[in-house]
Structure formats: structure tokens, C-alpha cells
Amino acid sequence: MTDMTILSMEALTRRIETVFRKGGLSPLHAAALSRVIAAGERDGCKSHGVYRVEGCLRTIKAGKVSPDAEPILRDDGSAVLRVAAGGAFSCAGFELGALALAERAKKLGLAALVINDCTHFSALWPEVEALAGMGVAALAMCPSYATVAPSGGTAALLGTNPLAFGWPRQGGHPYVFDFATSVAARGEIELHRRAGKPLPEGWALDAAGRPTTDPAAALAGAMLPFGGHKGSAISTMIELLAGVMIGDLTSRGALDFLGTTTLAPQHGELILAFSPERFAAGRPGDPFARAETLFEAIAGQGARLPSQRRFKAREGSLAEGVALTAAEIEQLDRLEAL
Ligand code: NDP
Ligand code: PYC
């Protein structure tokens, strides 16, 4: 930790927000993005932390994201709420629709929030965690851009297509998982490249469709889905539900629109929310108490719950501040001075 600089969450968020304001984002979007990126650093999720700032700025500069479109919430009173993001980043759109989604799920048992035409670079756990904090279980998913070969295939077609789930727990952190349906998130491949480290076997193919452990060759070729044909099918489901079904771009379409993987992709997102009380009504047992029994049984075997590492990292960051490397501080200094 010798060459690390410690910043408070407030200071880190403010610095990122300043960079985005200077980069041309409206106050609404600069604030929403800086909250999500600072939260990634706070929780030790480096692949969607400060490292993402430059990619967002490049996307703004390339004119591939609206810096100031105000998201619009369309609510016809049904179970399907829609946010029209107008080509802006997704984060403010989610913040606009989240409470309405949770309330609709509590009323109907089940509700969905569709975000259309959003530029998406962020992790999904902040969203399902926020919804779990509002008392609903939530499932979030989105395509990405075509960088993953289907299991048994040779070339990029699917996205890294993240899937996240949150379950509310009284008096504690929710149960949350959030992962790419590729073996690893694309950000992890890029971090390996920057660190000059080879990839583990089984992560990627080169441009000729051959297995590779070279991160640069992997970035030029295709990543692989996790769990072979199973991850490939889940990723395809995400293309269908959060692309085709919501009338938005698939990962293939997002890459064609963008023409590069060096900018953040534009597509849609689907977030489902469930009221456990409504689903369990009239059935024996309290769903939250039954969930605790399951979590205790998992922990009782010595296994850890997903997000446990993240919540521990958060505790440390909130107590002692967020630790940034010299390179990360240099990056923020440079971007602030532009
Ligand atoms: P990881 O493999 O790092 O982690 C996946 C999940 O598994 C986390 O919830 C993690 O919890 C949990 N986990 C890890 N190890 C264990 C373990 N031993 N026991 C129990 N749980 C465990 O995620 P990925 O690299 O696949 O994805 C990283 C991020 O990238 C995600 O947040 C995702 O949303 C984002 N992403 C975004 C995309 C986009 O288009 N916007 C595309 C692809 C990915 P913990 O954090 O506590 O370790
Ligand atoms: O990490 O794979 C990724 C990713 C793609 C878009 C945003 N994150």
C-alpha cells in the first residue's frame, strides 16, 4: 500500500464528477456516473471503477453518447415501465425509474423496467442492490457488444452480457450477485493486458478462432462464455429478453452501430422486480425467514455468499477511505487539468 493515495468517498466522487463536467456531461449525468464509478472503487470492483472514466470521455468525444439528454419515464400504469434514455448513459435513467419499479412490483407482485437507447458501461450490482434496499428482489440484465463467441463457435457474436440478482435481507446487506456471462468481464482482459499478465487458459480465442492466453490477441479475437453451453444459452437469453424483446439492439447490432469496442456500447437494459411477500402470500412460511435459513446453510458449509468480499471492501473504504494507485491518481489529475 506504499504508493497508494487514500481519498474519502466524497472527495473521490467529487473528483470524478468534475472530470465528467469538464468532459461535457450535464450535471445530472456527471453526478449519476460519478456515484456509480466511485462505488465501484469503494467496493474493490476495479473493472468498473476509475478505469472506466477515460472510456466514457472517449465515448462523449466521439459523439456516440448524448451528454445531456434528460431521461423520460413512461408509465401507462401497467407492469412494464419504460425509460427513454435518449442515447445518454443509463445510470440517470435507472435512478429515474427505480422507485417507480419497486412500488409497481409491490402493487402487482411483479414489474419490469425497460431502459431503451442507453449507453452502458457500468456494473449492475448498484441497481439490484438499490432495489433490494427498497424491499424487492430484482434481476437485471443487458447485452453489450459482440465480443464473445457462442460455445462451440469461433468468432465474437454475443456480448459479455451481465446478469445480476438482489434479494432483500432485514438488518443486513442484501444477497447480491452480479457477473458477466463471459468467463470474465472484458474489463478484466484489459486489466491483464495493462499489467502484462497472461490470461488463464479457457478465457478466450484469437482472431483465427484458436485458444489464446494473450490478452491483446483475446481483445482482437473473442472471449468465451462461462460454463460452456450453459453460459452460452444464458447469454443468448439476455440477447433475446434485453435486446430483441424490448425492441433494442443486440450485441451484434451494438457493435455495428459503434464500429469499435473502445467506446461504451449503446443498447437497452431490462430490470425485473419481484415482491417476495406477494409471491409467498397464502403459502406457509415467511419468505425472508426461509431465505435466511438457506443463507445460513450455505455459510454453514464454509462457503461464502456472493458480494461478501465487496461488502467487506466497502467497510474498509468507508472506515479508512478509498485507496487509489499512483497511476489512477495521475489519471484523475491529468483529466481534471484538461
Ligand atoms: P466476478 O467474477 O468478479 O464476480 C461475480 C460475482 O460472483 C460477484 O457477485 C462476486 O462477489 C461473486 N463471487 C466471486 N467469487 C465468489 C466466491 N468464491 N464465492 C461466492 N461468490 C463469489 O464478476 P465478472 O468479472 O464476471 O463481472 C464484473 C462486473 O462486470 C459485474 O459487476 C458486471 O455487471 C460488470 N459487467 C458489465 C457489463 C456491461 O455491459 N455493463 C458487461 C460485463 C460485465 P464479490 O464481488 O463479493 O467477489
Ligand atoms: O466489462 O465486459 C465488460 C463491459 C462491457 C461493457 C461494459 N463493461
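Start with the overall layout: the centres of domain 1 and domain 2, taken over C-alpha atoms, are 22 Å apart. This is a predicted model, in which local features need pLDDT of at least 70, side-chain atom pairs count only at pLDDT 80 or more, and totals for chains, interfaces and linings use all residues. Residues are numbered from 1 along each chain as its sequence is written, chains are lettered from A and ligands numbered from 1 in the order in which they are written, and side-chain values use heavy atoms, with hydrogens and water left out.

Domain 1 is made of 1–61 + 302–338, and domain 2 of 72–182 + 225–279; these bounds come from an automatic or database domain assignment. Across the boundary, 25 residues of domain 1 are in contact with 20 residues of domain 2, where contact means heavy atoms within 4.5 Å.

Now for ligand 2. Around it you'll find H48, R52, F121, S144, T160, A185, R186 and G187, each with a heavy atom within 4 Å of the ligand. By class, that shell has two nonpolar, four polar and two charged residues; Ala, Val, Leu, Ile, Met, Phe, Trp, Tyr, Cys and Pro count as nonpolar, Asp, Glu, Lys and Arg as charged, and the others, Gly among them, as polar.

For the side chain of R52, the distance from a ligand 2 oxygen to an N or O atom is 3.0 Å. Taken alone, ligand 2 exposes 240 Å², and the protein buries 91% of that (areas by the Shrake-Rupley method with a 1.4 Å probe).

Conventions: Polar contact = N/O pair within 3.5 Å; in protein donor to acceptor, adjacent residues only side chain to side chain.
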